[in-house]
Amino acid sequence: MLDPVTDPAPDPGALLASVFGFQAFRPGQEEIVRAVLAGRDTLAIMPTGGGKSLCFQLPALCLSGMTVVISPLIALMRDQVRALREAGVEAGALTSGNTEEETEAVFAAIDAGCLKLLYIAPERLASVATLGLLRRAGTRLIAVDEAHCVSQWGHDFRPDYLRIGELKRALGVPLAAFTATADEETRAEIVSRLFDGQAPATFLRGFDRPNIHLAFEPKDQPRQQILRFAAARRGQSGIVYCASRARTESLAKALNEAGHPACHYHGGMEAEDRRTVEARFQREDGLIVVATVAFGMGIDKPDIRWVAHADLPKSIEGYYQEIGRAGRDGAPAETLTLYGPDDIRFRRQQIDEGLAPSERKGADHARLNALLGLAEANSCRRQKLLAYFGEEMAEPCGNCDLCETPPDLFDGTEAVRKALSAALRTGESYGAGHLIEILMGNTNERITARGHDKLPTFGVGRDLSRPQWQAVFRQMMGHDLVRPDVERHGALVMTDRARPILRGEEGITLRRDLIRKAKGRPVVKA
Ligand code: ADP
Ligand code: ZN
């Protein structure tokens, strides 16, 4: 629980992780949170599923006093209150669905001065007692969910929403309004009715950052790949993100040796050294900072021309946030993300060995899967990325590696079925390495001891080399057909998505280029 006395101004980034369990802000969230915390009236238009609630919940925890949330749906309010309470936040709701005890508890928390978020249905605003209650509770912020309900022309008009403007005037506090409805008329109506016509800070930007070029490459010789990428952009400011502190140091050294001015940056450095790097990056042109994700929150440099990931980020949200530091000025910016099997294993392990409760781990795996799906995508990456954040893009973007060079695809159904049946026939108890040996018909002690050389799948995959099979397995993970079970040493377990393929009801397209690029020749044994 937060103590307003000992924690006067909690850090939003730290609370994001400690209270909500998120590794990174979703697109747009950070800017909105900052505006709200700066005391500005704000209007945020975000697609459904974009993560609006965090944009008022997080500021509510940072502000002293209470935030009142006006929301039209009782079920939604109750869900949010429950989730907040589970996360240790003092939140309550006053709705017609309350039991007497629930209402009593809310009043008691208000009187004790510890309630951080109070959800109320708009109907409550009709009662004069409500204003007194909100004053007594020390309300610092009004958050309005589904703000389009104030629009008489809209489909969800709620007459009581018209009282919100009055409430704002009476309390004299900032108001943050949220909606997924973006059309101009509704927006204008929200502004005139909720903000007295005084333009709020408005966040309408969809998730797309069209000036940022997206590209992924399988990790081959990562140091060389990064050096090549930097060499083609000599003199431009860029960031290289790495998964470990040690790697930031070795890669910065390699870049310097290749004649690029580069510094490393990570959380293990003295605060003063970190500040020096931040200041240099801000001031100098063409400096490269090789960093862990510790570098970023405070960076406000508009002309970062490129961001490279030497290691796979943690999640699709992390990826988006990190590449999003490039090209804030709107001029073209480029990104490159390297990924390989070791990265995937490392990230899975990081999730599994973390302290988060198991549902959260499940969600973190899903966010990593989404990123792998993006890495192994068959077509426009931006369409896939935006789709993940709930935004539809009608046409391929023309500004990603896959739009520029459409990948060479082939019907991978047969290869995938062979791989799946190898996993299934061995009880889904082995990792890719062992399964590949079976597919390639190689004998070793483990294979003969377990009788795997007697399986019908033994040797059915001699047409591909070991690295090529690895590329197949990686794409299978990218398509979420198999998932490694870290508790059983990465044993590959089939997902429901794989079943129709195994049964021959569905096919699957794979990227031939990724398989061809995999080094090594097919081992054709007699
Ligand atoms: P909206 O109200 O915009 O439709 P929600 O606030 O309900 O969306 O959030 C949608 C989902 O996104 C929720 O499951 C929430 O937990 C998740 N979410 C929100 N912010 C983040 C974040 N920064 N990282 C990961 N997941 C997030
Ligand atoms: Zn594209």
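**Ligand shell**

A residue counts as near a molecule if its C-beta atom, placed from the backbone, lies within 6 Å of it. In this sense 13 residues surround ligand 1, and the closest are Phe22, Arg26, Gly51, Lys52 and Ser53. Helix H3 (residues 52-62) supplies the largest share of this shell, three residues; helices (H or I, at least four residues) and strands (E, at least two) are DSSP runs, numbered from the N terminus.

**Basis of the model**

This is a predicted model, in which local features need pLDDT of at least 70, side-chain atom pairs count only at pLDDT 80 or more, and totals for chains, interfaces and linings use all residues. Residues are numbered from 1 along each chain as its sequence is written, while chains are lettered from A and ligands numbered from 1 in the order in which they are written.

**The sheet**

Seven strands form an open sheet with parallel pairing, in the order S3-S4-S2-S5-S6-S1-S7; two strands pair if DSSP finds at least two bridges between them. Strand S3 (91-94) and strand S7 (201-203) are the edge strands, each pairing on one side only.

Strand S2 (residues 66-70) and strand S5 (residues 139-144) run parallel and are joined by five bridges. Val68 stands opposite Ile142 in S5.

**Contacts of Leu435**

Two residues are in contact if their C-beta atoms, placed from the backbone, lie within 7 Å. Leaving aside neighbours within four places in sequence, Leu435 is in contact with Ala419, Ala422, Ala423, Tyr430 and Leu492.
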